[in-house]
Amino acid sequence: MLSSYLTLAAILFCIGLYGTLAKRNAIIVLLSLELMLNAVNLNLIAFSKYGAIPSLTGQLFSIFTITVAAAEAAIAVAILIALFRARGTVLVDAFNRMRR
Amino acid sequence: MDFFAKIAWIIPLVPLISFLVLMTLGRGFRKAGVWIGSIGALGAFVLSLLVLTERLKPHAVDYSYNFSWISIGEYSLRIGFEITNLTALMLVVVTLVGLLVNIYSAGYMASDERITVFYSYVSLFTFSMLGLVLSDNLLSFYLFWELVGVCSFLLVGFWYARPAARAAAKKAFIVTRIGDAGLLLAILVLFWNMPGHALDFTMIESVFGGQGGVITSGITTLIALLLFLGAVGKSGQFPLHVWLPDAMEGPTPISALIHAATMVAAGVFLIARTFPIFEASPAAMETVAYVGAFTAIFAAVIALAQNDLKRILAYSTISQLGYMMLALGLGAMTGAIFHLFTHAFFKALLFLAAGSVIHAVHTGDIREMGGIGSRMRITAWTFAIGALALAGIPPLSGFWSKDAILTAALTQNPLLFTVGLLTGFCTALYMTRLFVLVFLGKSGSAAAHAKESPRVMTIPLIMLAVFAAVAGFVDLPWSGWLSTWLSDEVITPHASIVVIVLSIAAGVLGIGTGWLLYGRGKTTSRSIANWMPGLVKVAERKFYIDELYEILFVKSLRVVGICLAAIDTYIIGGVVKLTGAAASAAGRLGLRLQNGQVQTYGVAAVLGVVAIALVVIGRRMLS
């Protein structure tokens, strides 16, 4: 049972990673990040249920992660809106001011 | 008793202080500069004179003082100064000529913008030359030897705006450098072979002079020849004589001081100081004698065909230095020093008088002169005294010193005696030609407006003329006072009627021939050239020595230099450029990586993680 959950989590993580690194739209990048976080959550819960020493710690941890992810998403979207107002775009490759 | 000998170390310091003060003055304070330079020279002269008078007392003991300069383990290097009869005599010659040249330059250089700089260089030179004379060991001798070389370089190139002066300064420096290398090698060989690595003259004298056996004869000859190489470079002997005529590009007072009276005589002085080494090696003595004799006749023949006033005198200096070398090679050290002593006066006189002429007519070409004698009486008369002294006409000084050398030659080597006589004949001939063309005859193109030089220039001329006339009396053939005083041995008077008669005959014959050839005002050098074209042409071109060196050394060295420069540019420089190019290429690559795209960085990070993971997994699977 464990391996199918882990496989699903790995697939989700890879899709998220691909989206984060390859997509130009900052909103899609944010969504992909959430996907990666959720892949991690799935891992934590799978191990807390089917791991060598099952306990509630993993599930508690995933709730924390969801909370933090929610806060993170809120801040990230706020920054994105501010960026869009300032620069008129949400394409990530336009945000390369740090280079100079 | 020997109070002044004990404080002799002050003598070189006086001109050194003048030099330092003059350097701080820069180009300003023209009047004060002349005074400071001259007072420094005067102070040194007075002190030297006091030292000499002290030495004249009977049974004066040599005084030397030295201190430990560097000590390395057991060995300690000592330097100091030494007062002997020879050094005391040299001190007086150097400071006296130096003082007169200082006074003379006040007139000669009066209109020069950099007269203060000129005086500072002259003071530095006087300091170095006095240090050289006083040195009690070869190492400090070498230091001062190089210092006088530098001063010569600075003063030959004093009018550095003229390309010829720059070239001459470089040539003088580089050619004497060859000799200096010989001297340095000699010092190194001595250092290795002397007991206790001693380099002082007293030790050299005791090792080579008496016992011997400590150093093998082969090494002795090697050291002597290397020392002689140093002397050849400095004293303008063949084959390193080429720099001295070119050095005449410098101001004339400098030609008188450095390139006639003092610095060029340093080579003779060097051999005189290290004479025990030469005496221990017959082969080296023979080399010295033959090189000296050849230089004497060779330079005299060249002087016959030159047309520049100062160049004739320069070749004459080379010839007379050859005479001194000849004397040294024959073992007549006192004869050489005697000739050095008289030559310093009459040659400095000739140069200063020539400078007076050049100052008046603004050219050095004797073909444009003529008839100056009636316009510049003092210059003409003093020049005549100098010329007669050089030609060896009794009772002027040159006669007596040449006589001492020729007497030594007659008893030992008739061939060298003949060469000496021939040189005497040529000397009289070219001096007559010079005097007739410059001072007598019809007024030349440049001589029309010549006026006598100011008194500040003529007074040194008169004083030098007095010395040139009477300096010979210190060592008459039948008294030998100077020889006895210099060598601390009783020398039997060496008067030889044959030598006296032949030497006078050579001088008179030379003057007579010169008068016949040039005195009528009809015969010019052109008609002689028609009469025997080959010889005159060759002598006029200085036996093509300069051209030979140009092909042999300058051109070939230039090829080597071009090759080395190519190696430097393309191989060494190429490696440097490659290193730089590699660094900047790495930089450009890094710049491309840092493009500001967070996603690119993310890809790199992920690739890194994947690589690490692959390595960890791979290792686990292999083990």
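How many helices and strands are there in chain B? Colour chain B by secondary structure and you'll find 26 helices and two strands; these are DSSP runs numbered from the N terminus, H or I of at least four residues for helices and E of at least two for strands.

Before you go on, some housekeeping. This is a predicted model, where local features need pLDDT of at least 70 and side-chain atom pairs count only at pLDDT 80 or more, while totals for chains, interfaces and linings use all residues. Residues are numbered from 1 along each chain as its sequence is written, and chains are lettered from A and ligands numbered from 1 in the order in which they are written.

**Chain B, zoomed out**

Keep chain B on screen. Its C-alpha trace spans about 115 × 65 × 50 Å along the principal axes. Of its 623 residues, 51% count as buried, meaning that 20 or more other C-beta atoms lie within 10 Å of the residue's own; exposed is 12 or fewer, partly exposed is in between, and the C-beta atoms are placed from the backbone. Among contacts in chain B with a separation of 6 or more, 80% join residues 24 or more positions apart. A contact here means C-beta atoms, placed from the backbone, within 7 Å.

Now colour by domain: domain 1 is 1–136, domain 2 is 162–280, domain 3 is 282–540 and domain 4 is 547–622. Those bounds come from an automatic or database domain assignment.

**Two helix pairs**

Select B:85–108 and B:115–134, which are helix 4 and helix 5 of chain B. Their axes come within 9 Å and cross at roughly 175°. Axes are lines fitted to C-alpha atoms, for helices over the stretch in contact, and angles run from 0 to 180 degrees between N-to-C directions. That crossing makes helix 4 of chain B roughly antiparallel to helix 5 of chain B, a label for angles over 145 degrees. Show side chains for the contact: helix 4 contributes B:T87, B:M90, B:L91, B:V94, B:G98, B:N102 and B:S105, and helix 5 contributes B:F118, B:V122, B:T126, B:M129, B:L130, B:V133 and B:L134. By class that's nine nonpolar, five polar and no charged residues. Nonpolar covers Ala, Val, Leu, Ile, Met, Phe, Trp, Tyr, Cys and Pro, charged covers Asp, Glu, Lys and Arg, and polar takes the others, Gly among them.

Next, select helix 15 (309–329) and helix 16 (333–361) of chain B, whose axes come within 9 Å and cross at roughly 175°. Helix 15 and helix 16 of chain B are therefore roughly antiparallel to each other. Residues to show include B:L313, B:Q320 and B:Y323 from helix 15, and B:H339, B:H343 and B:F351 from helix 16. The contact divides into 14 nonpolar, five polar and two charged residues.

**Into the core**

Which residues have the most contacts inside the largest nonpolar core? Select B:L227, B:V268, B:I271, B:L326, B:A348, B:L349 and B:A468, in a core of 211 residues. Such a core is a set of buried Ala, Val, Leu, Ile, Met, Phe, Trp, Tyr and Cys residues joined through C-beta atoms within 7 Å. Helix 16 of chain B supplies the largest share, 19 residues.

Centre on B:L227: leaving out residues up to four places away in sequence, it touches B:L183, B:A186, B:L270, B:I271, B:T274 and B:I277. Then select B:266–273, helix 12 of chain B: eight of its eight residues are buried, so it is largely enclosed by the rest of the structure. B:R273 is one of those buried residues.

**Last stop: chain A**

Select A:G58, in helix 3 (57–87) of chain A. With 17 C-beta neighbours inside 10 Å, A:G58 counts as partly exposed. Leaving aside neighbours within four places in sequence, A:G58 is in contact with A:L44, A:I45, A:F47 and A:S48.

Methods:
Parallel < 35°, antiparallel > 145°, perpendicular 65-115°, else oblique. Contact = placed C-beta atoms within 7 Å.
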